[in-house]
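Open the model in your viewer and get ready to select residues.

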Amino acid sequence: MRHEPGALTEEQAARMLAGMNEVIRAGEEMRRLRTEMIKLFAGFGWTQDKIARITGMSQPAVSKQMTRFAADDPLPRLGLALEQPDTAWLQGRLWALAEEVAEALDAARCAHFVGALARGRQHFTPETTDELRRLLEADLRLGAAELPAAFRAAYDEISRGLDTGPRPAGAGSDPDSARAPAPAAAPAPAPASVRRTVARQLQRDRLRGDS
């Protein structure tokens, strides 16, 4: 079948494919994040069977992932205290708060931003973090009568942390670390994407009273 020449312009084709490309990129990012999460779970000492059950992967697939980790590459470390000062951790907490506000308020200003984050169309940068803070600030002010006081308290704590400037991952998160002797091969901090993901879940659990 021959199509009439000029029936579809390059601009139209590019617009059609733009959404597909976003989905593909988001899928690749999620696969990389899942690999990093498997490394984190392995660092917790979890078995391959347990990791497979949690991730919904087959045990051979998890085993294949884990064999890619270099034997001499220390598994990432991650403290689970909610109050940690590094930027990625605070961004994860901010994201969680925005999700809760978007679900609680009709026409929340942060709802579109939250949706873009979930679809991988938006990423955290200093500029987008500031944008999300402005949207949340407006939602918390205008919806003060409808939202739990814990939402505002969480926002104020997260904002104070972000206002102090970037901190290295893990800094100040373990009060015993300064007294403990340095290990021979100290594990590196978990990647920013992992820290953001874990902080997001812990903050949502805290806001919902699950932890």
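In which hand, left or right, does α1 pass α2 in their crossing? Keep in mind that this is a predicted model. Select α1, residues 10-43, and then α2, residues 48-55. The crossing of α1 past α2 is right-handed.

Now look along the two helices. They pack at an angle of about 140°. Their axes lie 10 Å apart. Angles over 145 degrees would count as roughly antiparallel, so α1 and α2 are oblique to each other.

Next, show the side chains where they touch. On α1, pick Ile-38, Phe-41 and Ala-42. On α2, pick Ile-51, Ile-54 and Thr-55. These two sets meet. Colour them by class: 5 are nonpolar, 1 is polar and none is charged.

Stay with α1, but move to the largest pocket. Its volume is about 500 Å³. Select Glu-29, Met-30, Leu-33, Trp-95 and Ser-193: of the 18 lining residues, these are the closest to the pocket's centre.

Which helix gives the most to this lining? That is α1, with 6 residues.

Last, colour the pocket lining by class.

Terms used. Residues are numbered from 1 along each chain as its sequence is written. This is a predicted model: local features need pLDDT of at least 70, side-chain atom pairs count only at pLDDT 80 or more; totals for chains, interfaces and linings use all residues. Side-chain values use heavy atoms; hydrogens and water are left out. On a 1 Å grid over the protein atoms alone, a cavity is a set of points where a 1.4 Å probe fits but cannot get out, and a pocket is an open set with protein on both sides within 12 Å along at least five of seven lines; lining residues have an atom within 4 Å of a point. Grid points are joined across faces, edges and corners, and a volume is the space filled by probe spheres set on the points. Helices (H or I, at least four residues) and strands (E, at least two) are DSSP runs, numbered from the N terminus. Axes are lines fitted to C-alpha atoms, for helices over the stretch in contact, and angles run from 0 to 180 degrees between N-to-C directions. Angles under 35 degrees count as roughly parallel, over 145 as roughly antiparallel, 65 to 115 as roughly perpendicular and the rest as oblique. A crossing is left-handed if the near helix is turned anticlockwise from the far one by less than a right angle, and right-handed if clockwise. Contact means heavy atoms within 4.5 Å. Ala, Val, Leu, Ile, Met, Phe, Trp, Tyr, Cys and Pro count as nonpolar, Asp, Glu, Lys and Arg as charged, and the others, Gly among them, as polar.
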